[in-house]
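The sequence and structure come first.

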Amino acid sequence: MEWSGGDFDPEWFDADVVNGQSRSFMMMTNEKRSSGLGGWIVLFCLAAVVLARLCVWKLFPDSQTFVKEDFSNLIVAFLSALVALVFYAVKWFRGERPAASGFEVPLLLMFGAAAASLIYTEDFPSTVRAFLVLASYLVFFYMLIDVLRDRRRAEVFLFFLLGCALLTAYFGVQEFVFLCQRPQMPADKLLLDTNDSLYYVLMKRRVTSLIGWPNSLAGFLMLFLPFSLLSIFAFRKIWVKVVLTFVFLAVLACFVFTFSFLGWLSFIVATL
């Protein structure tokens, strides 16, 4: 079978996969939307936002886990809003229309339900933080739709995300091997008075890696399990398949070591 939807290198992409389930995605990425240099700058900024989420909470080692996680999410929301403000201001100035996903109705319903929760919530500050983070994720999603319509940017961002997943999985597996498997010590109980959330994951032998909490880590890795698996079949070069297989196995191992029931349940529901 021959791929006729664009100028993808046949040495890299498997023609059967491209002509099958991945055809619509490949055709979408082949469309040119954002300008060359501007699109790369936006993509670089979005990559920096992802790295910020993985790293910024490490700057506060003495804080409670949930405090660090909330702060990290708010930093991501702020950075995403900043990039979106500049990005859409430039598009408005040029007279360009924002990209559409085709999922506007369900996304609007979900966003409306989240906004309605602000009315009846018993913990208003926490709900506001969660709502702002959700809004930032939606904005991030729509900016990606726009800038990833270029093939090269899509390829670069694909491997960047897989690199982030591999890095996160590496620290998670390392944590499980060297920290979770060590014998319990009397000094561990001191954490109960200073950082009870860290004491919990240490006693339960659950990994947190770069995310900070097992369930949050499982939710992050869940995105990359099908993503990394399908990528193995989308590329033709053997060495690329080997690398992507290693990434998939590392992500799967780290996902298992979170021992997250909600993570597995979400993955099964999403797969179905």
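A salt bridge here is a side-chain nitrogen of Lys or Arg within 4 Å of a carboxyl oxygen of Asp or Glu. The side chains of Glu-155 and Arg-152 meet this rule, with N to O at 3.1 Å. The model is predicted.

**Salt bridges**

By this rule the count comes to four salt bridges. Glu-155 and Arg-152 are three residues apart in helix H7, about one turn of the helix. Glu-155 also forms a salt bridge with Arg-151, where the closest N and O atoms are 3.3 Å apart. Arg-151 and Glu-155 lie four residues apart, again in helix H7 and again about one turn of the helix.

Another bridge joins Lys-91 and Asp-146, at 3.2 Å from N to O. This pair links distant parts of the chain, with Lys-91 in helix H4 and Asp-146 in helix H6, 55 residues apart. Salt bridges that share partners join Lys-91, Glu-96 and Asp-146 into one network.

The table gives the relative accessible area of residues named in these bridges.

| Residue | Relative accessible area | Class |
|---|---|---|
| Lys-91 | 4% | buried |
| Asp-146 | 0% | buried |
| Arg-151 | 9% | buried |
| Glu-155 | 17% | buried |
| Arg-152 | 44% | partly exposed |

Buried means under 20% relative accessible area, so Glu-155, at 17%, counts as buried. Arg-152 has 44%, between the limits of 20% and 50%, and is therefore partly exposed.

**Overall fold**

The protein chain has 13 helices and zero strands. Of the 272 residues in the chain, 40% are buried. Among contacts between residues at least 6 apart in sequence, 72% join residues at least 24 apart. The chain exposes about 15700 Å², and carbon and sulfur atoms supply 73% of this area.

In soluble globular proteins, nonpolar side chains tend to be buried together. The largest nonpolar core in this model has 46 residues, and Leu-46, Leu-144, Val-147, Phe-157, Leu-221 and Val-251 touch the most other members. Helices that give two or more residues to this core include H3 (36-55), H4 (65-94), H6 (124-147) and H7, along with H10 (214-222), H11 (224-234) and H12 (238-257). The largest share comes from H12, with nine residues.

Which residues does Leu-46 touch, not counting residues up to four places away in sequence? Leu-46 touches Val-83, Phe-140, Met-143, Leu-144 and Val-147. A second, separate core of five residues includes Leu-107, Leu-138, Tyr-142 and Ile-145.

**Aromatic pairs**

The structure holds 11 aromatic pairs. For Phe-87 and Tyr-88, the ring centres are 5.0 Å apart and the planes are at 75°, so the pair is edge-to-face. Planes over 60 degrees apart count as edge-to-face. Phe-87 is buried at 8% relative accessibility, whereas Tyr-88 is partly exposed at 26%.

The rings of Phe-111 and Phe-131 also have their centres 5.0 Å apart, but their planes are at 35°, so this pair is tilted. The pair links distant parts of the chain: Phe-111 belongs to helix H5 (residues 104-120) and Phe-131 to helix H6, 20 residues apart. Phe-111 is partly exposed, with a relative accessible area of 27%, whereas Phe-131 counts as buried at 17%. Elsewhere, ring pairs link Phe-176, Phe-257 and Phe-259 into a cluster.

**Surface**

Phe-261, Leu-262, Leu-265 and Val-269 form a nonpolar patch on the surface, with about 440 Å² of accessible area together. Phe-261 lies in helix H13 (residues 261-271). Exposed means over 50% relative accessible area, so Phe-261, at 64%, is exposed.

Val-177 lies in helix H7 (residues 151-180). With a relative accessible area of 45%, Val-177 is partly exposed. Val-177 and Val-207 are 30 residues apart along the chain, and their C-alpha atoms are separated by 9.8 Å.

How values were computed. Residues are numbered from 1 along each chain as its sequence is written. This is a predicted model: local features need pLDDT of at least 70, side-chain atom pairs count only at pLDDT 80 or more; totals for chains, interfaces and linings use all residues. Side-chain values use heavy atoms; hydrogens and water are left out. Buried means under 20% relative accessible area, exposed over 50%, partly exposed in between (1.4 Å probe, protein chains only). Contact means heavy atoms within 4.5 Å. Accessible areas come from the Shrake-Rupley method with a 1.4 Å probe; for residues, only the protein chains shown count as cover. Patches are made of residues with over 30% relative accessible area and no salt bridge: like charges are joined within 9 Å, nonpolar side chains (Val, Leu, Ile, Met, Phe, Trp, Tyr) within 5 Å. A nonpolar core is a set of buried Ala, Val, Leu, Ile, Met, Phe, Trp, Tyr and Cys residues joined through side-chain atoms within 4.5 Å. Rings of Phe, Tyr and Trp (its six-membered ring) pair if their centres lie within 6.5 Å; planes under 30 degrees apart count as stacked, over 60 as edge-to-face and the rest as tilted.
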